[in-house]
Amino acid sequence: LIYNSATLNLPKNTLQFLFGVILFAMAGGEYNILTCIIAASGLGIGLGAIYLFNDLTDVKEDKHNSMKIRWKAVANGTMSRKESIILLKLFAILGTTLAFLSGLNFFIIYILVIGLNLCYSHPSIRWKNRKTLSVMTISLLQVLKFSSGWFLFTNTLVGFPIMFVMAIAIGYALMF
């Protein structure tokens, strides 16, 4: 379980979420640690389902990529397709439940993040194969993830450093 893209991305997604919480706290907002833990867990676990979905849809390509085969558990056979599907379903249910329990604003962002990721990876849509659309999608996903911690506690843009968040998100997407 530790050796797959779902868990390898967990620290990154958690830090992106916490970035928004830190921005909110720096702007003088009050936050609740337990709510942060529940929301961060929901986002991380829900995105884990998406990463497993992506690994399942890309398994043929990943098997022929010397870099990816080392850390993609489905491609290297560390995790079977059946195990991945079970874990994907468990992660999707648990992540969505925790995101829902975190509040409406956060849940909406969570649904947008999951939906955009599905559009990016789903074999019948596959935005990842279209360069401009791929960069735009990754950028928007990063804006949503970096700001999710802010909108966990408020629905106002007052004090939110949108240009700063967008710059970081675009920089991330261009490196991606």
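## Contacts of Ser134. Ser134 touches Tyr120, Trp127 and Lys128, leaving aside residues up to four places away in sequence; contact means heavy atoms within 4.5 Å. This is a predicted model, in which local features need pLDDT of at least 70, side-chain atom pairs count only at pLDDT 80 or more, and totals for chains, interfaces and linings use all residues. Residues are numbered from 1 along each chain as its sequence is written, and side-chain values use heavy atoms, with hydrogens and water left out. Ser134 sits in helix 8, residues 131–151. Helices are DSSP runs of H or I with at least four residues, strands are E runs of at least two, and both are numbered from the N terminus. Ser134 counts as buried because its relative accessibility is 10%. Buried means under 20% relative accessible area, with a 1.4 Å probe and protein chains only.

**Figure 1. The largest nonpolar core.** This core has 32 residues. A nonpolar core is a set of buried Ala, Val, Leu, Ile, Met, Phe, Trp, Tyr and Cys residues joined through side-chain atoms within 4.5 Å. Phe17, Leu43, Phe106 and Val113 touch the most other members. Two or more residues each come from helix 2 (10–26), helix 3 (33–57), helix 7 (104–121), helix 8 and helix 9 (162–175). Helix 7 gives the most, with eight residues. In soluble globular proteins, nonpolar side chains tend to be buried together.

Figure 2. Another core lies apart from the largest one. This other core has eleven residues, among them Leu52, Leu56, Val74 and Ala75.

**Figure 3. The chain as a whole.** Nine helices and zero strands make up the secondary structure. The C-alpha trace spans about 50 × 35 × 25 Å along its principal axes. The radius of gyration is 16 Å, which agrees with the value near 16 Å for a compact globule of 176 residues. That radius is taken over C-alpha atoms, and the globule rule is 2.2 Å times the number of residues to the power 0.38. Buried residues make up 44% of the 176. Among contacts between residues at least 6 apart in sequence, 70% join residues at least 24 apart.

Technical notes
Buried < 20%, exposed > 50% of the residue type's maximum accessible area, 1.4 Å probe, protein only.
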